[in-house]
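Here are my notes on the model. Please read them with the structure open.

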Amino acid sequence: AAVFRRLSSPLDVTIRALRSTDSAVPRVQQLDNRCFQGGERSDIVAEIDRPFTYLWIAALSADPQCVVGYILTWHVADELHILNVATDPDHRGLGVGHALVAQAIAWAGQHHVQSVLLEVRRSNLAALRLYRSFGFFLRGLRKEYYGDGEDAVEMGLVLDPKTGDIVASRDEVRLEEVSWSNMTGVLHDK
């Protein structure tokens, strides 16, 4: 059975696990197609059937059929890999992505995960800010990682496997060549 959790965000959403028999699967696939391009798209049905996949959706509390976001993760050994975080373009900036990432980190802490890993487009400032707000640190840069040639920033979050608490970590790399004037305090140690 799906686990329902209501998480605080400016938008009243309910976060729940998605299963292959869930009637929301087609809506999640539509959201994926709307948010991602080409090789970044996911086959949601195929992903759900993998034994190491954990996928949560955010739906409006007032209308549970209205899926406004999802987070797709893989739990491998003692790591949780965040593959995709998608928020419906009409609902961005309202805390949906924050609620979904918080759900994944909470799950990781409860399941003795030691690190949460992800890659994010170098140009995705909103996502970089979001991950930094949770304590993610810079691990590296993957040149031309995406199909269009854009670089990916590798990020990580360390968790204490006994308590699930976030362990403060320093960036392993500096991206000196990044010159985003509005990214003060986001890419470099403060």
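1. A nonpolar core here is a set of buried Ala, Val, Leu, Ile, Met, Phe, Trp, Tyr and Cys residues joined through side-chain atoms within 4.5 Å. Buried means under 20% relative accessible area, with a 1.4 Å probe and protein chains only. The model is predicted: local features need pLDDT of at least 70, side-chain atom pairs count only at pLDDT 80 or more, and totals for chains, interfaces and linings use all residues. Residues are numbered from 1 along each chain as its sequence is written, and side-chain values use heavy atoms, leaving out hydrogens and water.

2. The largest nonpolar core has 36 residues. Tyr131, Phe136 and Met155 have the most contacts inside it. Elements giving two or more residues to this core include β3, β5 (79-87), α4 (125-134) and β8 (152-159). Helices (H or I, at least four residues) and strands (E, at least two) are DSSP runs, numbered from the N terminus. The largest share of this core, 8 residues, comes from α3.

3. Phenylalanine 136 is in contact (heavy atoms within 4.5 Å) with residues beyond four places in sequence, among them Ile82, Val101, Tyr131 and Met155. A second, separate core has 15 residues, including Leu18, Val25, Phe36 and Ile57.

4. Threonine 53 lies in strand β3, residues 53-60. Is threonine 53 buried or exposed? Threonine 53 is buried, at a relative accessible area of 10%.

5. The side chain of threonine 53 has a polar atom 2.9 Å from the backbone oxygen of glutamate 47. Beyond four places in sequence, the contacts of threonine 53 are Glu47, Ile48, Leu72, Thr73 and Trp74.

Key: Buried < 20%, exposed > 50% of the residue type's maximum accessible area, 1.4 Å probe, protein only. Polar contact = N/O pair within 3.5 Å; in protein donor to acceptor, adjacent residues only side chain to side chain.
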